[in-house]
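Please view the sequence and the model together while reading.

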Amino acid sequence: MNTPLLAVSGLRVGFPAPGGRRLVLRGIDFEVEEGTAYGIVGESGCGKSMTAHAILGLVPPPGSIAGGTIAYRGQDLVSGDPSAWAGLRGRHIAMVHQDPGAALNPLFTIGSQIKAIMRRHGRARSREARQRAVSLLGELELADPAALLDRYPHELSGGMQQRVLLAMALAGDPDLVIADEATTALDVTIQAQVLALLDRLRKKRGLTLVIITHDLGVVAQTCDRVAVLYLGRIVEEGDPEDIFLEPHHPYTRGLLKARPGEQTQRTPLAVIPGSVPADAANITGCAFRERCAFAMDSCRLEDPAERRLSDRHRSACHLEGGR
Amino acid sequence: MTMEHDILLDVMNLAVDYPTGTGIFGRRRGHVRVLEDISLRLRRGETLGVVGESGCGKSTLAMALAGFVIASHGDILFDGRDVLRLDAAGVRAWRRDMQLVFQNPLASLNPRMTVHTIVSEPLVTHTRLGRGERRRRVEALLGETGLDPSFLARYPHELSGGQAQRVVLARALALNPRLLVLDEPTSALDVSVQAQILNLLMRLQAQHNLTYMLISHSLGVVEHVSDRIAVLYLGEIVEEGPRDEIFRQPRHPYTQALMAATPVVDPSKRQVHRPLSGMIPGPASRPRGCRFHTRCPRAWSLCHDTRPRPQRVGDGHVAACHLLTP
C-alpha cells in the first residue's frame with residue numbers, strides 16, 4: 001500500500017494538572033488513505049475535537065502534544081519545523097467547525113472572507129478571486145452565488161452558513177478536510193444535503209475527509225473506515241461493516257444499543273450505566289471497566305492492548321473473539 | 001372510537017402570530033403566523049410525539065400550551081376546561097397540572113440554588129407543606145428520578161447533563177402534574193445518557209399515569225417513546241397518526257423525506273436517494289398554497305396556490321397533501 005495521506009501514531013496530548021500532566025489523548029493510532037472518508041465517533045469528552053486540533057497543530061495552550069507522530073504524506077509534523085506545519089493549514093489541511101455562527105466574522109461579507117483565504121494561500125489574485133469564489137459557492141449549490149458574496153453572515157440560514165464555511169475550507173484547495181461535527185447543528189434534511197455534497201466533492205476533487213461526529217448514523221452512511229474513541233483512546237477501529245454489524249468492544253456495542261428508534265419501541269433501552277468520567281487518570285486498567293457489563297479481573301489489572309480481530313478490524317478489549 | 005372523557009388535552013384550530021418589529025410609538029407593523037390551524041388530541045396516559053425541523057413551530061406550540069405566548073385563534077381544552085380563558089385560580093391549577101421540560105437542563109436550573117431549594121420551590125409556592133414534610137417529599141422525588149439524597153446540597157454546576165435533567169424532572173413532578181410537555185428533553189445529552197433519561201421518562205409515565213407531549217427533531221427518539229406522532233412543517237401539521245402507521249406507511253412527501261434523510265446505522269443501507277433540495281423557508285416567507293411545495297419533489301400546479309386540507313388516510317391517520325385526494 002502507498003504512504004497514507006495522514007498517519008497518526010501514538011499521539012498523546014496532555015494538560016498541566018496538579019501533580020503532573022493529565023492526558024486527554026492517551027495514544028491514538030490511525031491512518032487515512034488518500035481519497036477516502038475516515039470517521040471518528042465518540043461522546044463528549046472523548047477527545048474527538050482534540051484529535052482534530054492536534055492534527056492541525058492547534059492544541060490550545062496550556063495543552064501540548066506529549067508524544068507520538070502525525071505524518072502528512074510521510075513527513076512527521078510533530079518533530080518538524082512549526083512553520084512547515086503552519087504552511088499546511090488552510091492550504092493542504094482545512095477544518096470545518098461545528099458552529100458556523102461562531103466561525104464566521106460578523107463584520108465582513110461572505111465574499112471578503114472567502115477571498116481573504118484565497119489570497120492568503122496564493123490561490124488567486126484579487127481580480128480572479130471573486131470569479132473563483134462565485135464558482136466555488138455555485139459548486140456548493142448555493143443559489144445566486146454572486147449576490148451572496150456581498151451579504152453578511154447574519155443574513156444567511158444555518159444551512160447556508162455551513163456551506164459557506166465549507167467553501168472557505170475549500171478556498172485554499174486543500175487535500176484533506178477535517179469536519180468536526182460539521183452537520184450536527186443542521187436539520188436532518190439539510191444535513192443530508194451537506195453529506196451528499198461532501199461525498200460528491202470527494203469523488204470529484206479527490207478530497208480526503210476526516211469526519212468527526214457523535215452521530216453513529218452519519219458515520220455509517222458516509223465513511224470508509226471508522227474509529228470509536230473513548231476517553232482519549234481508540235477502543236475499536238474497522239470498516240463500517242465491522243463496527244456496525246459485528247461490533248466487538250462493549251462500548252461500541254453499548255452505543256449502538258442505546259440508540260432509540262428502529263425496533264426498540266417502548267421497551268427500555270439498553271443503557272451504559274453512569275457517564276463518561278472526567279479523567280482517565282484515576283482508573284486503573286481499562287478506562288471503560290467501571291461502566292462495562294463484561295468487566296473481569298484482568299480489566300482492573302491492565303489496560304487492554306489492541307487486538308487484531310481481522311486484517312482491518314481491531315479492538316482494545318480483553319474479551320475473546322467477536323461477541 | 002375515542003370517548004370524550006379519554007381526552008385529556010384537546011387543541012382546536014390553534015394559531016399563533018408573532019409581531020414583526022414595532023413602528024414608531026410601539027405600534028405593531030405586522031405579524032407572521034408561526035402556528036396555523038393546529039388541532040391535536042392527547043388521550044390520558046399516552047405520548048404524542050411532535051417532530052419537525054427548525055422553524056416548524058414545535059417550541060412555540062409548547063409555549064402556547066403554557067400560556068407564555070398568546071394564541072391568536074383557537075381553543076385549548078384541558079380535561080374539559082378552557083385554559084385560554086381561566087381566572088387567576090384556574091391559572092394556578094393549570095400551572096400545577098401541566099409542566100414544561102426544556103432542552104438544556106443546566107439553563108433551566110438557577111445556578112445559585114441548591115438542588116434541594118430548586119426541587120422544593122414549587123412546593124413552597126403551591127402547597128402548605130411544612131419544612132420537614134417538604135424535605136421528605138424532595139428526597140422521595142429525587143429517589144424516583146434516580147438521585148440519592150447526597151445530591152440535595154449540590155449546585156447545578158456540580159451536576160452532569162443527565163443528572164441535571166433528572167433534577168428538572170424531579171421538580172416537574174413535585175406537584176403531581178397530569179401532563180408533561182417535553183421540549184427536546186434529551187437533545188443536549190450524549191447517546192448513552194439519552195437512553196437513561198428516555199427509560200426514566202417511560203418509567204415515570206407508567207408509575208404516575210402521566211400524559212406526555214414530546215417535542216423532538218429526532219425521529220429515533222419519537223419513534224421509541226410515542227403512541228401517536230404529529231409531523232409539523234412551517235407551522236402546520238402535515239401528517240398525524242399512530243406511531244406504527246407513520247413509520248411504516250408515511251403518506252406525506254415531507255414525512256417520507258424526513259425519514260429518508262435520517263441516517264441509519266446500517267452501512268449496507270446507504271442512502272441512494274437524492275436529498276430534498278432547497279432551504280427551509282422562514283415563517284416570514286411562508287410559501288402560498290401548500291407550504292411544502294417549494295421543496296416537494298412531487299409538487300404540481302394545484303400545490304402552488306391551494307392549501308391542501310387534512311385527509312383521512314387510515315384509522316386515526318390524517319395527512320394534508322393534494323396527492324392523497326381520492
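The points below are grouped by topic, from the whole chain to single residues.

The structure is a predicted model, in which local features need pLDDT of at least 70 and side-chain atom pairs count only at pLDDT 80 or more, while totals for chains, interfaces and linings use all residues. Residues are numbered from 1 along each chain as its sequence is written, and chains are lettered from A and ligands numbered from 1 in the order in which they are written.

**Chain A as a whole**

- Chain A contains twelve helices and twelve strands; helices (H or I, at least four residues) and strands (E, at least two) are DSSP runs, numbered from the N terminus.
- The radius of gyration of chain A is 21 Å, which agrees with the value near 20 Å that a compact globule of 323 residues would have. This radius is taken over C-alpha atoms, and the globule rule is 2.2 Å times the number of residues to the power 0.38.
- Along the principal axes, the C-alpha atoms of chain A fill a box of roughly 70 × 50 × 40 Å.
- Of the 323 residues in chain A, 46% are buried. A residue is buried if 20 or more other C-beta atoms lie within 10 Å of its own, exposed if 12 or fewer, and partly exposed in between, with C-beta atoms placed from the backbone.
- Among contacts in chain A between residues at least 6 apart in sequence, 62% join residues at least 24 apart. Two residues are in contact if their C-beta atoms, placed from the backbone, lie within 7 Å.

**Domains of chain A**

- Chain A is divided into domain 1 (6–92 + 174–315) and domain 2 (93–173), with bounds that come from an automatic or database domain assignment.
- The centres of these two domains of chain A, taken over C-alpha atoms, are separated by 28 Å.
- Their contact takes 22 residues from domain 1 of chain A and 20 residues from domain 2 of chain A.
- On the side of domain 1 of chain A that touches domain 2 of chain A, α1 (48–55), β7 (176–180) and α8 of chain A each supply at least two residues. The largest share, five residues, comes from β7(A).
- By class, that side of domain 1 of chain A has 15 nonpolar, three polar and four charged residues. Here Ala, Val, Leu, Ile, Met, Phe, Trp, Tyr, Cys and Pro count as nonpolar, Asp, Glu, Lys and Arg as charged, and the others, Gly among them, as polar.

**Domains of chain B**

- Chain B is divided into domain 1 (4–248) and domain 2 (249–261 + 286–326), and 28 Å separate the centres of these domains of chain B, taken over C-alpha atoms.
- The contact between them takes 13 residues from domain 1 of chain B and 17 residues from domain 2 of chain B.
- The elements of chain B that give two or more residues to the domain 1 side are β9 (228–233), β10 (236–242) and α8 (243–248), and the largest share, six residues, comes from β10(B).
- That side of domain 1 of chain B has seven nonpolar, one polar and five charged residues.

**Where the chains meet**

- In the contact between the chains, 37 residues of chain A meet 35 residues of chain B.
- The elements that give two or more residues to the chain A side are α7 (158–171), α8 (188–205), α9 (216–222), α10 (240–245) and α11 (250–258) of chain A. The largest share of this side, six residues, comes from α8(A).
- By class, the chain A side has 17 nonpolar, 14 polar and six charged residues.

**Backbone details**

- Most residues other than glycine have a negative phi, and most peptide bonds are trans.
- The peptide bond from A:Pro61 to A:Pro62 is cis, with omega near 5°; A:Pro62 is found in the loop between α1 and β4 (64–72) of chain A.
- A:Arg73, which is not a glycine, has a positive phi of about 50° and is placed in the loop between β4 and β5 (75–76) of chain A. A:Arg73 counts as partly exposed because it has 15 C-beta neighbours inside 10 Å.
- B:Asn209, also not a glycine, has a positive phi of about 50° and lies in the loop between α6 (191–208) and β8 (211–216) of chain B. B:Asn209 counts as exposed because it has 9 C-beta neighbours inside 10 Å.
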